[in-house]
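Me: I'm new to this one and would like to learn how to read it. Can we go through it feature by feature?

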Amino acid sequence: MALQIYTPSYLANTVYHRHSLFPKPKISIKSKKPTVDADPTPDPTSSSKKAVVPGQGFGSLPSPSSGSNKKKPKGKRERASIIRRSPVEKPAFLTKEEEAKAEEQRKNESAFLLAWLGLGGIILVQGIVLAASGFLPEEWDKFFVKYLYPSFTPTVILFLAGTIAYGVLKYLENEKLKDQK
């Protein structure tokens, strides 16, 4: 494939004074390989292809009720039939006691996740403070090394252990629900 840019010859010798500062060159792209048409012209002798009626659109089949001689005004189409479905309802197999238990479990789980989010925030703040302690005054640095540094590693280990335990618990609950079905 080659890209050729043609510039008018009068631009090479004279100054071009039109409405724009730079003229728009003519660009043409030529391919050395012959192109193959994706849709070859249909052979009129072949009977395997269906005859295409102009103006029908993609995938439209002429309806038997409408005559082929009858043309519809442009932009006027028949509306497709609308199928209304009943709304999805909650399953009624949960009793009031089971619903209360599920609600309590949801609240406990939300509180646990909120506490874990807080612990993650504390770990983030501890890490930033420990990283920046070298740039802080000497008294602050000694304080952080004495109190914050020893508690950082156990806090991270607690966070990781709790996260792993929560993940395993949720996995086992999901497996138990699959076994019940």
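Me: How many of the 181 residues count as buried?

Reply: Buried means under 20% relative accessible area. In this predicted model, 6% of the protein's 181 residues pass that test.

Me: Which elements does the protein have, from the N terminus on?

Reply: Read them off in chain order: the run is β-α-β-α-α. That gives 3 helices and 2 strands.

Me: What does UniProt list as "transmembrane region"?

Reply: A record entry can be set beside the model. The unreviewed UniProt entry lists residues 111-135 and 147-169 under that name. In the model, residues 111-135 are 88% helix and 0% strand, with end C-alpha atoms 37 Å apart. Residues 147-169 come out as 100% helix and 0% strand, and there the end C-alpha atoms are 34 Å apart.

Me: Where does S133 lie?

Reply: Look between the elements: S133 sits in the loop that links helix 2 (96-132) to helix 3 (138-180).

Me: Is S133 buried or exposed?

Reply: Compare its relative accessible area with the 20% cut-off. S133 has a value of 8%, so it counts as buried.

Me: Which residues does S133 touch?

Reply: Leaving out residues up to four places away in sequence, S133 touches D141 and F144.

Me: And what about contacts across the protein?

Reply: Check how far apart the partners are in sequence. Among contacts between residues at least 6 apart, 59% join residues at least 24 apart.

Conventions: Residues are numbered from 1 along each chain as its sequence is written. This is a predicted model: local features need pLDDT of at least 70, side-chain atom pairs count only at pLDDT 80 or more; totals for chains, interfaces and linings use all residues. Side-chain values use heavy atoms; hydrogens and water are left out. UniProt positions are given in the numbering used here, feature names are shortened, and annotations may be inferred rather than shown by experiment. Helices (H or I, at least four residues) and strands (E, at least two) are DSSP runs, numbered from the N terminus. Buried means under 20% relative accessible area, exposed over 50%, partly exposed in between (1.4 Å probe, protein chains only). Contact means heavy atoms within 4.5 Å.
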